[in-house]
Amino acid sequence: MTPISIGLQNEVAAHGPMDGEVGLRFGPFLLYPQQQVLLRDNQPVALGSRALSLLAALATRPGELVEKNELLALVWPRAVVEECNLRAQVVALRRALGESDEFSYIVTVPGRGYRFVAPVHNALPAAPPAALPAVAAALPNVATRVIGREGALQALREQLQRRRFVTLIGPGGGGKTTAVLAVANQVAPGFELGVAFVDLAAAVSRQQVQGMLANALGVSALGDHPLRQLGPSEGRFLLVLDNCEHVLDDLAEAIETLLNQGPQYRVLVASREPLHAQGEYLQALGPLAMPPAGERLTPAQALAWPAVELFIKRVATHDPDFVLQAADIEAVCSICRKLDGNALALEIAAARVRTFGVRELVSLLDSSFRLQMTGRRTGLARHRTLSATLDWTYGMLSAPEQALLRQLSVLSPGFSLEAAGAVADSGSHDLAPLLESLVGKSLLGAFEHSHGKRYSLLETTRLYAHYKLEEAGEAARIGLRHAQYMLQRLGEALACLDRLSPGKWLGCYGPEIDNVRNALQWAFAEQGDGLLGIELTLHSAPLWLRLSLLGECQGWIERGLLAASLATGARPKAMVLQTFRASILTLTHGGGAAVREAWQAVLDDATALGDSQHQLRALWGLWNDRVCCNDPAAAVALADQYGALSQREQALDRQLVARRMQAVPRFYLGDLAGARQAIGEALSSHFAPRSHIIDLHFDQRLAARALKALIQLIEGNGEQAQATVEQLVGDAVSLNHPATLWYCLCYSALPVSLMRGHVSTARHYLRQMQSSIASQELPLWWRHTQCFECVVSLREQHSEAMLTRLGELLATLREQHSTPLYSLFACEYAQALGAQGLPQWGLDALEQALEQVQARGENWYLAELLRAKAALVLQAQGGVAMAEAQALLAQAKAVAQSQGARFWEQRVWSLATRGDALPPLGIAAH
């Protein structure tokens, strides 16, 4: 923006128009079009040259319609700019003229242009005042405590001790003015010559900038170089400058001139971008600290975060009765995150709570309402709404900068330079300088990442820029570029599944998940591309599954299936989508009719299409259903079918999977030797199907080792089993794949710890499990976790509520046949009933469990169930039942010996040697 000349305005005000130019008078205003000078009541009006050119074009043709294209040519004669720039200048002009709803100087003719409607008369100016008023103000006090900025204030104070010129940079509304004023007031006693504050919002030219600084320093503002009148003196003087983004070049020159006049001068500037002047040191002011998503906090803990504290304090100024309740914490934290911890945004939003409440405000902030919320009437015009704040900044950008900002709005925080280049349409302009300029103007954040530099728009800026993208008619084109780029990135991710470890793979591609969301949302929208959406869904499913975002993945798959049903020749793609759908059902529910039907549909399609890979996946899914539903015999048959097909297709990498599939049901059938041999072959395989963590849900080597630990324990190697479990859980955590961790904890670590009587260790693993699934909708895993919570609590101390709850859960498990751990939970429940003095109830529960277990051939826990029954018989009937108890113990011993289960055999022996004494009802360590 080329500024007007304040010196020229002074000359006109003092001596009349130059060269006999006749002014145009309207209302209280006097305009000299040629000289681009506007006076109000003979006082200069601060307006940029673009706005003055626009006013001259309209006022010299009062009553006429001036077309938009003509105005663009007049105001920007040597540049191609967009219409939004014209609208921004009209807004600025109307604001300067003091227009209101009741009166307007300028009328918009929709779709065509503008008309100046006020009466205009030729006139000479009236006598002006002798000089401009002083522009320096006394240093304002900061009325309240500065929240959450202790570190930044300390850093500024230290900088001012060492440096002569410090600029505090940060986005609009971030609290820069408050921070520099707070520091200035704190350090003022150390500046013997004084401290002055200058608000440069009204400055529009080099002369005015120089004059304002000269007035603040107590010297005459006359002449071309007023600051050169200064000279060195004893002591120190601090000059605090604010609202200077529109005069950065002029201000940089003025500050360099000032600092060259003597060592006594120090300058503290608040700006959205650096001045790039000699001697400048930068201090960045980031957002107020706020709680991360998903953290559960008490009101006191929430208020310890500065963003929350500021928001609640501002709410209380509008509603003194407001008190932060536990039920509101999540909503308040969400508001703070949506508003990026921006102080101005939080203050403006806080005023809305009295009307809408905090929970309703969360959803309102996702709409344009966020940008239009009004702040204090006494604030600067550009601080009264977030939109006005961003309008001010946006209007000062060049056309290429504006275009890049708009286009980057389709990217989620944390995007790369490559991503920016993929979506941006920078034309003949280099991307790097434009990106650097947006970072410098605090519109774009830059931060280090393990995979290189990353960038992000603050959420409010991104929302504003996206509205500008839609307004410019670019949303469809840029949305397509973004979706195509994400498909390319996801293709790279698929190609790396076998090559990278899961941890490294997630580290590389996990940060893209928000961009995947954006691309899918665009593709499945009415104006998007459904076929591209199908491809994005297929390519992104591994990422969703590895991140264990199952519910969201299922939602996108359903949308993909709908799009596929409307497209011709899409059966193969629909089959793949159905495979992912079945996988998610398996992971969330384990087994059941819906799971079987889904996998059978995949098997039918795969057989019809001759797709052996998906036949294998379907067989695995059907096998998993049979394991979960306690049908180990059917599971063995499916495992054999899987192994035969993988051999026929020479799928050598599937042999580990096939052998594990054979080992698991054999273990539950009580065939320890067969299970040990199969799992040993699986673990000795040289083929490690890492990518099958996607379609098989769990890392297959860790899942194999989970079973190995159970086999070790039941064969009598307790210490070895515990060591295997400890290493297993550590490796599962390092893998950074939640579903694998759930499997290892539920089907190995927790059972082994409980069976060995290590209750504190079991509690530790249970807490890990509860923490990992806390924010997920996972019926299968929640059911297991709740059962283990009951068992561990009953082991720690008797709880009638936990006993009742465990009984309810067992009833559900009996109906759904949904866990191979049913025997363990049923045995614990029966023994807990005995400990409560209800041995007959315990016997009834055991009878029911034994009936089901023996009917299914589920023999891995049979010896322990028989041993527990013997103990309960003795407790219920005493010595008269000794013969029955001995018979049960003999049966239990025979079962244990036939299986080679020394662990169960030792437990039978320990009870048998106690004579007619009541046996311990818990599982003791051996």
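First, some ground rules. You're looking at a predicted model, where local features need pLDDT of at least 70, side-chain atom pairs count only at pLDDT 80 or more, and totals for chains, interfaces and linings use all residues. Residues are numbered from 1 along each chain as its sequence is written, and side-chain values use heavy atoms, with hydrogens and water left out.

Of its 926 residues, 55% are buried (under 20% relative accessible area, 1.4 Å probe, protein chains only).

Next, select D340, in the loop between α11 (329–338) and α12 (343–350). D340 is buried, at a relative accessible area of 12%. Show its contacts (heavy atoms within 4.5 Å): beyond neighbours within four places in sequence, they are P287, M290, L458, E459 and T460.

Now for the second largest cavity, with a volume of about 160 Å³ (on a 1 Å grid over the protein atoms alone, a set of points where a 1.4 Å probe fits but cannot get out; lining residues have an atom within 4 Å of a point). Select N624, V627, C628, Y743 and Y747, the closest to its centre of the 16 lining residues. Of the lining, α28 gives the most, four residues.

Note on methods:
Buried means under 20% relative accessible area, exposed over 50%, partly exposed in between (1.4 Å probe, protein chains only). Helices (H or I, at least four residues) and strands (E, at least two) are DSSP runs, numbered from the N terminus. On a 1 Å grid over the protein atoms alone, a cavity is a set of points where a 1.4 Å probe fits but cannot get out, and a pocket is an open set with protein on both sides within 12 Å along at least five of seven lines; lining residues have an atom within 4 Å of a point. Grid points are joined across faces, edges and corners, and a volume is the space filled by probe spheres set on the points.
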